[in-house]
Amino acid sequence: MLEKFFKFIFWFLVIFWSVYYIDFVIQKYKPEIEKTLEPILTQTKEIKSELEKLKETAEKGTLPPVSKVKKEIITPKPLVKVEKEKVFEGVLTKEGIIAQTNAQREKFNLSPLKENEILNFTANLKLEDMFEKQYFSHYSPTGEGLEDLMKKGNYEYIIVGENLAMGNFESDEALVKSWMESPEHRENILNPRYQEIGVAVKQGIFEGKRVWMAVQHFGKPLSACQKPSEKLKSEIEKNIEKLKELEEKLKILKEEATKTKEPQKIQEYNLLVSEYNSLLEETLSMIEKYNLEVRNFNECVEK
């Protein structure tokens, strides 16, 4: 019995001192253990801090609206110059009128207008309609105007203008000179926003008299301004949705990593932060590019 008692006392003391020693070791090295984990947690906090900065930048980086194109139409009062006592046998031509128009623009250091077949077509529609229906106005008896002619020609524009003339002009130069002597027609010819021109000219009978009629159509096509990329905008919107999803996952992982301090959770959180930051930086770059495209388009429309 005595031998069993001593064995019991021996193992009791062994267990007691083992527990005491383990507790002593834990207490002694606890600061060092915590210190070993601290860099991982601190690193996570630092990354989170940078994440917040990037998020603030992302919130400021907005997708600006593309300017709604305000279509502008300029139609000066039609020019009539019929000299009853003079009969001119001159010949007017489309090519000559365009050349004389550009010669006037050149005098004022303006870019020459490029002949456009659609504008030639719409100008000719207008000319034939005036002779056929016997009217001389920017609007037909049925109410059709320049905007309707552009629709018929499928000409998408930012600004268009129309000059009309009727009379017994002796030459292309004389016709353009008459327009230039009229302030409103002159302003149309010298408008720096125009890039293209179409002309139609014809001699015919109007109210029983033989006269020349001429039509100038000016335009700045919508295609002159490059629209912001819809594909880029769509990619940005998809990235923003993805960032929102990742942000929700980050919140959950951060709570778990902070609470458990498990290295695996911390590593998983850090990897996700890295993915988020990378996607965010890529998206910010895309937003900057899209913003530039929008600014360039809006400025082009206003020029």
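Asparagine 109, which follows helix H2, has a positive phi, near 55 degrees. The model is predicted. Most residues other than glycine have a negative phi. Positive values of about 55 degrees also occur at asparagine 154 and at lysine 261.

**Helix H2**

- Helix H2 covers residues 94–107, 14 residues in total.
- From its first C-alpha to its last, H2 reaches 20 Å, close to the 20 Å expected at 1.5 Å a residue.
- The buried residues of H2 are Gly96, Ile97 and Ile98, then Thr101 and Asn102, and finally Gln104 and Arg105.
- Among the elements that these buried residues pack against are two helices, H5 (172–181) and H6 (183–189).
- The buried residues of H2 also pack against strands E3 (114–115), E5 (196–206) and E6 (209–221).

**Asparagine 154**

- Asparagine 154 is not a glycine, yet its phi is positive, about 55 degrees.
- The loop that holds asparagine 154 runs between helix H4 (146–152) and strand E4 (157–167).
- Asparagine 154 counts as exposed because its relative accessibility is 64%, and the cut-off for exposed is over 50%.

**Lysine 261**

- Lysine 261, likewise not a glycine, has a positive phi of about 55 degrees.
- Lysine 261 is placed in the loop between helix H7 (230–260) and helix H8 (263–302).
- The relative accessibility of lysine 261 is 41%, so lysine 261 counts as partly exposed.

Methods. Residues are numbered from 1 along each chain as its sequence is written. This is a predicted model: local features need pLDDT of at least 70, side-chain atom pairs count only at pLDDT 80 or more; totals for chains, interfaces and linings use all residues. Side-chain values use heavy atoms; hydrogens and water are left out. Helices (H or I, at least four residues) and strands (E, at least two) are DSSP runs, numbered from the N terminus. The expected span of a helix is 1.5 Å times one less than its number of residues. Buried means under 20% relative accessible area, exposed over 50%, partly exposed in between (1.4 Å probe, protein chains only). Contact means heavy atoms within 4.5 Å.
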